[in-house]
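Hi,

Here is the structure I promised to pass on. Have a look at it first, and then read on for what turned up.

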Amino acid sequence: MTTFVDRVELHAAAGNGGHGCASVHREKFKPLGGPDGGNGGRGGDVTLIVDQAVTTLLDYHHHPHRKATNGQPGAGDNRTGKEGQDLILPVPDGTVVLDTDGNVLADLVGQGTMFVAGQGGRGGLGNGALASARRKAPGFALLGEPGESRDIVLELKTVADVALVGYPSAGKSSLISVLSAAKPKIADYPFTTLVPNLGVVTAGSTVYTIADVPGLIPGASQGKGLGLEFLRHVERCSVLVHVLDTATLESDRDPLSDLDTIEEELKLYGGLDDRPRIVVLNKIDIPDGLDLAEMIRPDLEARGYRVFEVSAVARTGLKELSFALAGVIAEARAAKPVEEATRVVIRPKAVDDAGFTVKLEDDGIYRVRGEKPERWVRQTDFNNDEAVGYLADRLNRLGVEDALRKAGARAGDGVAIGAEDNAVVFDWEPTVTAGAEMLGRRGEDHRLEEPRPAAQRRRDREDERDDVSKEYQEFDPFA
């Protein structure tokens, strides 16, 4: 059964915004008291956050589809809909977020680091918020925006100071178990370690983490063995430690050729040339291993490596090794530039930026792209003529009609607003007449101008009395 996963594809869907409400206030003696439709609630976001207690992406391997809750629609009496609940997804420290094309979206390092993987949709405005001096009683409301949905790839790159690399069964797991409190699986056969193991080492006043990377073999950078799956875990390490087996039973192997093979794989993987190297000659508790270690040590030192002879079983040479690693790590930390607080970069809008673009495509369609036009289209109920007229007014005020004229559009030409997969296409008419204009000036509701029944009956009675009085005054009894 899989217990460690360091790469998954996650399908994140934010919550949709709630629809606005179209409502007219009613109470006794005031049947049409004006618009009072509330706004819809905002949809929930999908947020990734680093949690030190999480060490694997296994949960997202079993459940790759994650969705935040939707916002609730607005209601009458100016009641705003409930906002959707944000979905918080904990990820391990060192998680890299990529899109499906391999582009890095975020590198999550450090407790509490966050990345919004999906933005929740805005709630639609109710007719209470849409009312104005010109549009006193809107008979429509805006729809809620759909939440952002995207497919992302999560890759875990272990955050450790030291990476132990070497052939299978070189003794890496044994070494990390005696240097730290880690308890990896140890056995006398290759590829015992199937997942990276982390341990914490204290050497004097320096505390650092050490990672045991599963065994590498020739061709690991091209996918052979387990190397390609776990080479990414050495990218963040400050020091690379070559663990060489001086007591191997394979006749075609020796520590120097093992070192050359692993270095070639690291070179092919790329990006690790600047990391300091330390060579550990392991298993010197075996007589043949000790003799071989003493024989090849001068050659390794001639290459410029710092060499340590250790035995994980007999616990020989471990103190010198741990303090040497602490010194190298302290130097690396001191050379690391001081992280500055993230600056807020303000990029003002350009003077000539209209907020949208109009482009004539090969099929003769004029495509309008822009944040505002596309959002307005998503929030429009095209089954409501007054809502369509409101959209036309907004686009006209933004300058879309003028831009279409400048681009050469004529009456009857096709216009698309939005991307190809979800665009709204219509035949453009320079003067748009919505159904609401058929009823009167836009923004006025004749229902509010209708007399109240009781007042009408009272006026009717007054008119009858006036008629009777007029007839009486005109009556001449002597005629």
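Before the sheet, one term: two strands count as paired here if DSSP finds at least two bridges between them. Keep in mind, too, that this is a predicted model.

With that in hand, the sheet is open and has six strands, in the order β10-β11-β9-β12-β13-β14, with mixed pairing. On average, neighbouring strands are turned by 25° against each other, direction ignored.

Inside the sheet, have a look at β9 (residues 162-165) and β12 (residues 239-245): they run parallel and are joined by four bridges.

Now for the helices. α3 (residues 172-179) packs on the sheet, where it touches β9, β10, β11 (206-212), β12 and β13 (277-282). The direction of α3 makes about 155° with that of β11. Then there's α5 (residues 255-269), which lies across β9, β12 and β13 and runs at about 145° to β12.

"Buried" here means under 20% relative accessible area. The residues in question are K172, S173, S174, L175, I176, S177, V178 and L179. What do they pack against? Their partners are β9, β10, β11, β12 and β13, along with helix α7 (318-335).

Cheers

Notes: Residues are numbered from 1 along each chain as its sequence is written. This is a predicted model: local features need pLDDT of at least 70, side-chain atom pairs count only at pLDDT 80 or more; totals for chains, interfaces and linings use all residues. Side-chain values use heavy atoms; hydrogens and water are left out. Helices (H or I, at least four residues) and strands (E, at least two) are DSSP runs, numbered from the N terminus. Axes are lines fitted to C-alpha atoms, for helices over the stretch in contact, and angles run from 0 to 180 degrees between N-to-C directions. Contact means heavy atoms within 4.5 Å. Buried means under 20% relative accessible area, exposed over 50%, partly exposed in between (1.4 Å probe, protein chains only).
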